[in-house]
Amino acid sequence: MTASPETTAPEVPEVPRAGDILQSVAEKLGLTPQQVERSLAEANITLKSPAAADRRLRMLRLRVHGVKHSGDPFSVERDFSAGVWAIVHPDNSAGKTSLLEFLVWPLRGEPRDLPLDVRSWVRHLSMDVAVAGRPIRIVLDVDPGAHPALTGRILTADTVEQLLAAGDGGEGLRLLEQASGADEVDRSIGAFFLDALRMGHTSLWQAGGGADGEGAPQVHGWASYFGACYLNPGGDEILLGDVNAVGLSARLMELFVDIPYSTVLTQLSVADKRERKTLAQGKRRAEGDADARRAERTAWQEQLERVSQQIAELRDVASRDVSPLLQAADQAAARLRDTQGVLHEAEQSLTETNSARVRADQALLDARETWQARRVLGRLDPVCCPRCEEPLDRDRRQQEREEASCAVCTRPLPEVDEETAEVLLQDLEQQLESAREAEDAASRQRDAAAAAVNAAVGEQQAAAAALQTALATSQNHERLRQLELQAAGLEGRLAATGSGPEEPPVPVSAQVLEAVTDAVREAVDAAAKRLFPAMNTQIVELATRFGVQNLDSVRLDRSGRVNAVKAGVKTSFKRLSRGDRLRMRIATVIALLRVGVDRGVAAHPGLLLIDSVAAEEVTEVPARTLIAELQAITKDLPDLQVVLTTAQPELVDDLPADHLITRDSEHLF
């Protein structure tokens, strides 16, 4: 390719070597370059000095054989060269998109919009291509009766001439890889192109991804990259690519303009965000543990306060002087003994007075009975002894009369003086009354003494209980020891968990990722600042040529935004008309190619596939202008290969006849 005369080659930015980046990061973190490199390897990242890649992809020949539902066989064979190619037919459902998808299937690994019925017709499809200058044939075979029905092979030759000379069966070609089943074939083709074009999978961080919804990497491979070759319809709002993933459009732009370190930067960014997510989750877990620990600390603090209060009470009671209680107990016991002595004396006195009263009472009773008996018996004339009933003889009776002696006992009979007896009885009655009074006094004294004893007993019991309580508390060392041990354990727990959760140290791996990411991003930003202005100029010039009206400027950024200004008004890409979006996509890809040519690199495959190029246009003039300009650009970019479809044959009148794929019949195949 040769540079376009309208532009000058941008100055190639000075790109730091990988060793320089490793050394600077190592010095910043106090590590060795080898330690930095090992940390990157643990994240499955290898930092290499950038080298220009050859990603040229040129179609050479397409062969398709199959059987329609009607049973009629069909066959397509077409050679391709550089330049603009058009698949043309005025009717809908004539097979224009299907023919384009036949090109897409072996190149992408899976067709994008091939109708299912047409896909079921295919039995054999092979595509000869030059991949970075290497002759390659991709063969797809379909056997509806087999399982799996689809098989794929990737073959190679020494030269393009040898590849094209080989028969449809691949005789004389070397087998590089084969696969069975649609998924395996897709993976096989994708892996081959990624390796052959020196590309790797791109991991883009999705903030809401992952099972936990906290972010996860989304991996994109060859099928996503192919969107920079197979352009979206005008209605889509994505600048580049057909996968609506945040950051993918920008990633494709960086990849195909060959910004140094852009690929490793996406890897570093994902690894750094994954590391940050892990650290954030660990921090949240630590904070959750801290919250739980704070609740435990509150419970421990309350328990410690209760135990401390109990300890204080026990120590306060234990420290009191028990001497007053001992003295009070002794005094109460002494009073009890004294009152008990008084009670004993009162009871003895009561007993004595009671005995004296009983004797006085008995003496009076005896005297009265004796006096009454004497009065009665004195008049008796016994005839016998009252005991043995022996009769009294006459002599005894005579003696009683003569000598005044008792005829029974022979004792002298007392003289009976009634006045004396009455006096004696009165004296005895007086003695009995005195004895009764003395007994009543002794009884009252005894009752008072008993009440005093009861009171003294109560006082002595209260004093003894107070003394016992004081002595028991002061001697409860085991209980106090248990409480003190419990308090010490609670204080230990509180001391061990007193400070808040310490901020966990940032792992060396995370520090390395962050530092390397910053250093690489600096290199990428510097390259973008040098390359994007040239891209902006190219896009404005090309888009204007393609028919975008009133386009003042565009300003690409690393987020994939166009930042267009039309007629002085800032206009985002999705606010452009459908036709302008398609023209802007084409302009962006051509600008990528031009900047690459100016720098001497082939970062973009140089292949453009556009379906229904005029579908977004109201009139044929813009579409005709677009196709004419594409054809003109192939003079500046002689390796550019464009295949478009249209239902308006008049739009491609200026294309060479051998670059038109059309038929006069109802269908193209």
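Predicted model: local features only at pLDDT ≥ 70, side-chain atom pairs only at ≥ 80, totals over all residues.
Residues are numbered from 1 along each chain as its sequence is written. Local features need pLDDT of at least 70, side-chain atom pairs count only at pLDDT 80 or more, totals for chains, interfaces and linings use all residues, and side-chain values use heavy atoms, with hydrogens and water left out.

**Exercise 1.** Classify the ring pair of F74 and F669.

Solution. 
- Step 1: recall the rule. Rings of Phe, Tyr and Trp (its six-membered ring) pair if their centres lie within 6.5 Å; planes under 30 degrees apart are stacked, over 60 edge-to-face, the rest tilted. This rule gives eight aromatic pairs.
- Step 2: apply it. The two centres lie 5.2 Å apart and the planes meet at 45°, so F74 and F669 make a tilted pair.
- Step 3: place the residues. F74 is in strand β2 (residues 73-79), F669 is in the segment after β15 (660-661), and 595 residues separate them. Helices (H or I, at least four residues) and strands (E, at least two) are DSSP runs, numbered from the N terminus.

**Exercise 2.** Classify the pair of W121 and F669, and decide whether W121 is buried or exposed.

Solution. 
- Step 1: take the geometry. The distance is 6.5 Å centre to centre, with 70° between the planes, and the pair is edge-to-face.
- Step 2: locate W121. W121 belongs to helix α4 (residues 116-121), 548 residues from F669.
- Step 3: check accessibility. Buried means under 20% relative accessible area, exposed over 50%, partly exposed in between (1.4 Å probe, protein chains only). W121 has 14%, so W121 is buried. F669, at 8%, is buried.
- Step 4: widen the view. Ring pairs join F74, F102, W121 and F669 into a cluster.

**Exercise 3.** Find the ring under the charged end of R112, then do likewise for R119.

Solution. 
- Step 1: the test needs NZ of Lys or CZ of Arg within 6 Å of the ring centre and within 35 degrees of the ring normal.
- Step 2: R112 sits over Y230, 3.7 Å from the ring centre.
- Step 3: R119 sits over W105, 4.7 Å from the ring centre.

**Exercise 4.** Name the edge strands of the open sheet.

Solution. 
- Step 1: write the order. Six strands run β2-β1-β4-β5-β6-β7, with antiparallel pairing. Strands pair if DSSP finds at least two bridges between them.
- Step 2: read the edges. β2 and β7 (174-180) each have a single partner strand, so one side of each lacks a neighbour in the sheet.
- Step 3: inspect one pairing. Eight bridges join β4 (residues 122-131) to β5 (residues 134-142). D128 stands opposite R137 in β5.
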